[in-house]
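Trainee: I would like to learn how to read confidence and helix packing in a model. Can we work through one case?

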Amino acid sequence: MEEGEAEGAIKLEFTPTWIVAVVCSIIVFISLIVERLLHYLGKFLRRKNQKSLFEALQKVKEELMLLGFISLLLTVFQGTIVKICISKEWMDHLLPCKEDSSADLVSPTGGKRRLLSSRESYCDAKYEVPLLSVEALHQLHIFIFVLAITHVVYSVLTMVLAGLKIREWKHWEDSIKKNDSGSVPRTIAHVHQFEFIRDHFMGIGKDSEILSWLHSFGKQFYGSVSRSDYTTMRLGFIMTHCGSNPKFNFHKYMVRALEADFKKVVGISWYLWIFVVVFLLLNVSGWHTYFWIAFIPLILLLAVGTKLEHVISQLAHEVAEKHSAIEGDLVVKPSDDHFWLHRPKIVLYLIHFILFQNAFEISFFFWILTTYGSNSCIMERMRYIVPRLVIGLIIQILCSYSTLPLYAIVTQMGSSFKKAIFEEHVQQSLIGWAHKVRKRKVHRGSEASSTGSGSVGSKDQSSRGAHLQKLDQDDLNEDGQVELQAKSSTPLNTGPKSV
């Protein structure tokens, strides 16, 4: 045994083989069970044609692989990290807990002196300290694992609860289709006779704008989406994007679009890992950092919910300010102008951050509780703990039953529609077709440049190829959305007829 190594630490070469075999068997057995469960879950989702959820499951597998790689790095470079020695003065800055002078001599449970491993004594001999101790590395390893698993579980729970809320709207869709006989006479009605306008139009002027924002803030807490909201936005979407199919199943499309977004929410993007590093840095004793950051997701969630409700109000204002009476049904006009930076997708990024930050709070709390106990200085006092837990619960409920359902329907009021509007086989056919036409266009373009001329037929095919190329690059862009085509052979009814 090396000099200075912890007393009682037995190397693998002196460990009974039966112990090694038993421990390895248990670890491999558990790993195989988890792997098989994920495999059969994937087969079940594919059998049910749930491609979006299957892709989300693949995203979870990617996160698990990333965790495994992080674990491998921490294990392989553990010896190297522990042998990185720094001056003791560096250890006195930005401490999460103020260390007692006797902390390095006395254990928390009694009076035994802390024993150093050979690697830690390597720095001790130089009158320095290791960059991270073996124990600290182990605890950091566990925290990263707990954070990732908590985020995945928390995201799944939130999306499931939101999905249950959205499925409550299905009877509205069924009722609309049942009552839509197509032979109802078109009548003229004053714009304020429509429930959608009465609920959201607050008048004209600065005072009405303030009232509109206040109304939007309050409405997210109760009945965030009413039947009139659903009916009006559904009709606006269909008349703008599916004018030739008035019986389009808007609810089914909305659910498919939300499932497609789920694979983005369940992952941990690089900017979220930056967030983790920043807040681990700011966890300084006396700053109460984790108490204050608990308000960040709550504030963001309220801002997102208010903005989504305000988009509905803007749709109502657009119609009420332009028309005094309307012939037929009330039709709103979707537009990206109602969203932040004209990009509805920003809302999804904010929701992703909110869910991750709340998962971070929850995972950090339970990690500290199980690792250091409730009396740890990192846990802080009860007056800081209780508000954090209450805020986390509020975020969970509000996001599941209000904000995510709002996101699912209101973001359809942009200028574009998502590729979920097509059935899966149609999506793949369009993408493949567009790729082939684009390659053909490039090939013919090179031939035309070499010959300097082309036939009328090739020009016609080139124009159609350009249209399909736009479908692939612009319509099926990186956000998974399909832009509204301006060159439609059939004019779309994009607004109500005023009288």
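Trainee: Which helix has the lowest mean pLDDT, and which the highest?

Mentor: pLDDT is the predictor's confidence in each residue, from 0 to 100. Helices here are DSSP runs (H or I, at least four residues), numbered from the N terminus. Among the elements of the protein chain, helix α17 (residues 456-475) has the lowest mean pLDDT, 42. Helix α13 (residues 295-322) has the highest, 91. Over residues 452-475 the pLDDT is below 50. Beyond near neighbours in sequence, that stretch has 30 contacts in the model (heavy atoms within 4.5 Å).

Trainee: What is the mean pLDDT of the protein chain?

Mentor: The mean is 76, and 77% of the residues reach 70 or more. This is a predicted model: local features need pLDDT of at least 70, side-chain atom pairs count only at pLDDT 80 or more, and totals for chains, interfaces and linings use all residues. Residues are numbered from 1 along each chain as its sequence is written, and side-chain values use heavy atoms, with hydrogens and water left out.

Trainee: At what angle do α10 and α14 pack?

Mentor: Two packed helices are described by the angle between their axes and the distance between the axes. Axes are lines fitted to C-alpha atoms over the stretch in contact, and angles run from 0 to 180 degrees between N-to-C directions. Helix α10 (residues 250-265) and helix α14 (residues 345-371) pack at about 50°, with axes 10 Å apart.

Trainee: Which residues in α10 and α14 meet?

Mentor: Asp261, Lys264 and Val265 in α10 meet Lys345, Leu348, His352 and Leu355 in α14.

Notes
Helix = DSSP H or I, 4+ residues; strand = E, 2+ residues; numbered from the N terminus.
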